[in-house]
Amino acid sequence: VSSAENEPLALWSRVQSAAPALRALSVEERARAIATACAALSRPDGALLALLSASSGLSEAMTRWALETTFGAFSERALLELVAGRQARATGVAAILSGNVLSAAARPMLLPLLAGVPVVAKASSRDDALPHAIAQAVSAAHPLVGAACAVASFGHEDDARLDALLAGAASVQVLGSDEAVAAVRERLAPAQTLIGRGHGLGIGVVLHDAAVAAASEAFARDVAAYDQRGCLSPHAILVEGDDARAEAFARLLYEALARIARELPRGSVPGDARAEQLQWRGVAAARGVLHASITFAVSCEHGAPLRPSPGYRNVGVYTLQSRDVLSARLGQLARFVKALGVAGQLDAQAFAALAPYVARAGAMQTPPLAAHLDGLHPLDGL
Amino acid sequence: VSERELLAAEITALIERLAGGARDDTARDALLARVLRYQRARVAPYARIVTHSGLGDGDPLSWPGVPTDVFRFVRVASHDAARDVRVFRTSGTTQAQRGEHALRDLSLYDAGARAWAKRMLFPDVERMRLLVLAPSAAELPDSSLSYMIDRFAPWFGKGASVAIWHDGGLDLALLEATLRDAERTGEAVALLGTSFAFVHADDGLGAARFALPAGSRVMQTGGFKGKSREVAPDEMRSMLSARYGVSEEQIIAEYGMTELCSQLYERMNPRRLLAPGWVRVTLVDPETLQPVRPGEEGLVRIDDLANLDTVSAIQTSDRGVPVEDGIVVLGRAPGAVPRGCSIAVDAVLAGERA
């Protein structure tokens, strides 16, 4: 990437000059272009796969799974259903990608284009491979759509570039920590719209009517996905019933994680996460039952207060006396919950107050395109 | 004589024998093995950790240590809470779960802290004037650091310590006046405090510089925990030397933890932390918990015989590398890959989210 191609002002100039042509396309043409690009991205070649695996720390098999499930959701039909009846008002979207799982760039980069709004994404210089791949795939699918999409790569300390990026945007989407969202909010003018998607976690629930064996298989997939580094990833799974049922589920979940590890191996783990994992497992062994291998672990901590997991396939199982006390049982984690996975009779309305996104067990990490993550319509802010 | 009393007497004797810096690792390890067996039989969380490791039938020195986080979630002690004479707590916000180190007897703490501080901080003097840049034990009764520094006054102090930190902050006027007085009288002083307090003092003292009398020294300890700007160890040493006119060899970093009764102190050329002879320091692999190969980086595990009434084997999250007869503790391991958007454990435990 040359210097000029990385300067936000130049990028805004380029995408805004392409905006009239983008808007002149029918929504069907835009949806078809995006769906075509996503079909290509869901089947990456070996070089891209290796690049994304190295930059994300996920294994190649998990990287392939993440791309297939993420971009597979961007079908032409799903895109058209999503945009039906909605009118975009934003003239330009800045997508700040900071501290995300691999495929988090997809929605903030592609949905503005679907709505006819040019977009400039900001990626960190050490993790910009997928944003660039998305921009290239869109250009290959439809040059007029691709011309309205650009990527700038710079570090979080580069305030001058960040201000230039924000200055060109009517709407800003931020994916990152609460601190990152707050830092961007401080820089915006009152007329600019901000959609912040901060960090969070997922919680699983095994209701009394669920078969624990099937539930363990499903939740194992949710835990393994993205190596449990996503804001929808379950940190804790509550099992309705007594301690014995929770223990049985924990043992089955451990066995299911062992099977998944053969299909979708865990990737690399940074040093600080390995230290956190050691601490987390130590607490589990000290106050409950711990099933652990080098690359995954399940604790069963019965009625103890829930605690967060360091991720990387370390999940806690707890007893839930009754679903009526679920809200109270979440304790200190309640305000961080972004996803609730349910095994058993799913009554989404009954659980809606607990998490913005409620899913069946096994589908926590593969939300449909129309899912209201963070409680927002995917096109809010455009 | 109970088993505890017998072990306490043997530990005290070992501390006295090794107080001058001598080493007898064979005797230390033999006693440590007995202490770990004693603790396993009486401290349920430790027993569960050992059982889970599958190493319970082997040499106690091969058993895993208790990770420091365990002290945040369960009581780790061989005695009932009713017998606690002091509970030291890790720092944290009111919302955070704080680790608790519950002691039924402070005599081993005192013996170890006094002996090693004498050797590492005050080997050349009986007593000197102490200036304290940390809260007193009266102000912060559950701080092990405040307790230790308070105990320094009767052990090493000439008169009462000068409390530069009081009522929640630094008294810079008192600090400057006391240091000027030392310059005038030529009487050496020891400044004892937390790293962030020294940074605040440096920020607040402006252009003032001091030329403290020969024999003056500085002991600084702890991290910054967001309470001040962060300063790297070498920069801190230079900063303190320039500010107070004390040679860099007389600026001594202390490494202590709430979960430990003993401390490590820094020596220069090369810079490394030295443990007393009753403490065993091992670097372990974070996943297998087994010792790393000689010379390799690992997580610091400390076995402290003075922790008789809780658990001696403590597993920290600090990275360390061996350097000659000691270790250098490194900062937190850098993330080699992006962590994703899952919220960090620390953020939840600290209740940081608004």
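Which residues of β10(A) are buried on one side, and which on the other? In this predicted model, local features require a pLDDT of at least 70 and side-chain atom pairs count only at pLDDT 80 or more, whereas totals for chains, interfaces and linings use all residues. Residues are numbered from 1 along each chain as its sequence is written, chains are lettered from A and ligands numbered from 1 in the order in which they are written, and side-chain values use heavy atoms, with hydrogens and water left out.

Strand β10(A) is covered on both faces, with A:Asn314, A:Gly316, A:Tyr318 and A:Leu320 buried on one side and A:Val315, A:Val317 and A:Thr319 buried on the other; strands here are DSSP runs of E of at least two residues, helices are runs of H or I of at least four, and both are numbered from the N terminus. Buried denotes a relative accessible area under 20%, exposed over 50% and partly exposed in between, for a 1.4 Å probe and protein chains only. In a regular strand the side chains alternate between the two faces of the sheet.

Two strands are considered paired if DSSP finds at least two bridges between them. Strand β7 of chain A (residues 234-240) runs parallel to β10(A) and is joined to it by 5 bridges, with A:Val239 standing opposite A:Thr319. The pairing of β9(A) with β10(A) is likewise parallel and extends over 4 bridges, and in it A:Cys300 has A:Val317 as its bridge partner.

The loop between β9 (297-300) and β10 (314-320) of chain A holds A:His302, which counts as buried because its relative accessibility is 17%. Its side chain makes a polar contact of 2.7 Å with the side chain of A:Glu247, a polar contact being a pair of N or O atoms within 3.5 Å of which, within protein, one must be able to donate a hydrogen and the other to accept it, while residues adjacent in sequence count only if both atoms are side-chain atoms. Not counting residues up to four places away in sequence, A:His302 also touches residues including A:Val317, A:Tyr318 and A:Thr319, where contact means heavy atoms within 4.5 Å.

Most residues other than glycine have a negative phi, and most peptide bonds are trans. The phi of A:His302, however, is positive, near 50°, and A:Tyr226, also not a glycine, has a positive phi of about 55°. A:Tyr226 is found in the loop between α11 (212-224) and β7 of chain A. In chain B, a cis peptide bond with omega of about -5° joins B:Asn269 and B:Pro270.
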